[in-house]
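Colleague: I'd like to learn how to read a few features off a model. Could you walk me through some of them?

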Amino acid sequence: MPLKKLSFKKQLAYASGMMGWSIMTNLIIVMLLYFYLPPNNSGLVPLVPQLLVFGAFNILSLITASGRLLDAAYDPFIASVSDASKNPKGRRFPIMKWAILPAIVFCGLVFHPLVKGESLTNAWWLVFVLAGFFVSVTTYIIPYNALLAELTHTPEEKVKLSSFQQVGFVLGMIIGALCNNFADLIQTAFHVTERFEALQYTIWALSVFSGLVMVLPILLIKEREYVASKPTHTPLWPAIKNTFRNSNFKYYLISDFAYYTALSLMSSGLLYFVTVLLGLPDSDGGMFMGLMVVLSLFFYPFVNYGSKKFGKKALVLIAFGILSLIFVTIFFLGKLPFQPANQMYILVVFASFPLAALGILPNAILADIAQKEAKETGENHEGMYFAIKYLFVKLGQTLGITVFAMLTIYGKDPGHDFGLRLSGVVGFALCVLALLFFTRFKEKA
């Protein structure tokens, strides 16, 4: 039977899965450092000691790195399992459904330390629950993203579905970043006196909501009606090596890695930039994040039109250039000749286009790369391409969180903030690196 084309409702159902795991992952990125190693004006107490290992790494940076590295090693495995699946209901959804409940549980447990105070016990607990969370959510993410190449059949369809997917992702970013705002509501509505408990209730509620949203594409899309895919027969290691033989993919991968490292620096530092550098309440962090995402939505039609008119590569390069200037601005936050809130508004306005372009286009570009190889070889390795991408995304996010946690050693409190400003310098260098490597990408290939 001929394959069906995704209707508008089915496209929204697919994008809802992105929103679900985006909420969870952004809760970890935005809240983890702030929750366990808060600035002294946050109303929270530190939960892990600020001890140095080898004179440079603090404990929290090593914990986040260990969980992500385990997860990164797991990516190609789950991709290989998914690509080779012979399940009559499809290669992707039957695997994804088993990941949802563990992801909910581990996301909530990440913010439930065993000791309500500074303790190494909390550090060991974090190693366990973060590893569980990352492995669980990866079991959903890798097959989910492989479907982008399989559910679409033209470059235009890929950009369009990637746009819906990115809307889901940025909505997840907003909801995750509003965690402190929701905690304010819980404290007011339910008379919860401790900020610590209000944040825990909020994160459990958001985790359950995320899981319910992640179920929607599995319930509403019958994979076999939309996808004509054959199980691959290439063993795991040769499949990995085959992806790296693609020179275009290598340039794409390095740029993507540098970008996600920089983005992780910005996300990890958001609440610190707002509360320490600008002296604003932490609930404003969610408001600024929400405004940035809403403004980025206005650029979506332009990105869709511009990718056809000028090519995807040109828009990506412009986005990297603007983002590098934004990181320069972070270094000077609180010292610019504007009111603190206005400084953040300037940052938000200029960040909205890069957020739109770098959210939509990279996945569409990768889907083109994967589909081109499938036509040439006759084997569908979409899962492996997206697994390698997300392996490097996670390595980048890990490096970003690790570097930011290390930089807090040099100052993370009002009057002692040089470490926070250094994150702007590092982010600038990463964006320039991403731009330089992506100039080597051959779009016509």
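Colleague: Let's start with Asp282 and Arg195: are they buried or exposed?

Modeller: Keep in mind that this is a predicted model. For burial, the cut-off is under 20% relative accessible area. Asp282 and Arg195 are both buried. They also form a salt bridge, with the closest N and O atoms 3.7 Å apart. That pair links distant parts of the chain: Asp282 sits in the loop between helices H11 and H12, while Arg195 belongs to helix H8, 87 residues apart.

Colleague: How many salt bridges turn up in the whole structure?

Modeller: A search finds nine. Take Asp256 and Lys389, whose closest N and O atoms are 2.7 Å apart. Here too distant parts of the chain are linked, with Asp256 in helix H11 and Lys389 in helix H16, 133 residues apart.

Colleague: Why does Lys389 count as buried?

Modeller: Because its relative accessibility is 0%.

Colleague: Now the nonpolar side. Which residues of the largest nonpolar core touch the most other members?

Modeller: That core has 148 residues, and the ones to look at are Trp21, Met31, Leu126 and Tyr140. Pick Met31 and skip its neighbours within four places in sequence: its contacts are Asn26, Phe111, Cys179, Asn180, Leu199 and Leu271.

Colleague: What about nonpolar residues on the surface: which ones form a patch?

Modeller: Val328, Phe332, Phe428, Val432 and Leu436 do, with about 390 Å² of accessible area together. Helix H17, residues 418–438, supplies the largest share, three residues. Phe332, on the other hand, is found in the loop between helices H14 and H15.

Colleague: Last one: which residues of helix H13 are buried?

Modeller: In H13, residues 300–309, the buried ones are Tyr300, Val303, Asn304, Gly306 and Ser307. Check the backbone after the helix as well: Gly311 follows H13 with a positive phi, near 95°.

Technical notes:
Residues numbered from 1 in each chain as written. Predicted model: local features only at pLDDT ≥ 70, side-chain atom pairs only at ≥ 80, totals over all residues. Heavy atoms only, no water. Core = buried A, V, L, I, M, F, W, Y, C linked by side-chain atoms within 4.5 Å. Buried < 20%, exposed > 50% of the residue type's maximum accessible area, 1.4 Å probe, protein only. Contact = heavy atoms within 4.5 Å. Helix = DSSP H or I, 4+ residues; strand = E, 2+ residues; numbered from the N terminus. Patch = residues over 30% accessible without salt bridge, like charges linked within 9 Å, V, L, I, M, F, W, Y side chains within 5 Å. Areas by Shrake-Rupley, 256 points an atom, 1.4 Å probe, with all protein chains shown as cover. Salt bridge = Lys/Arg side-chain N within 4 Å of Asp/Glu carboxyl O.
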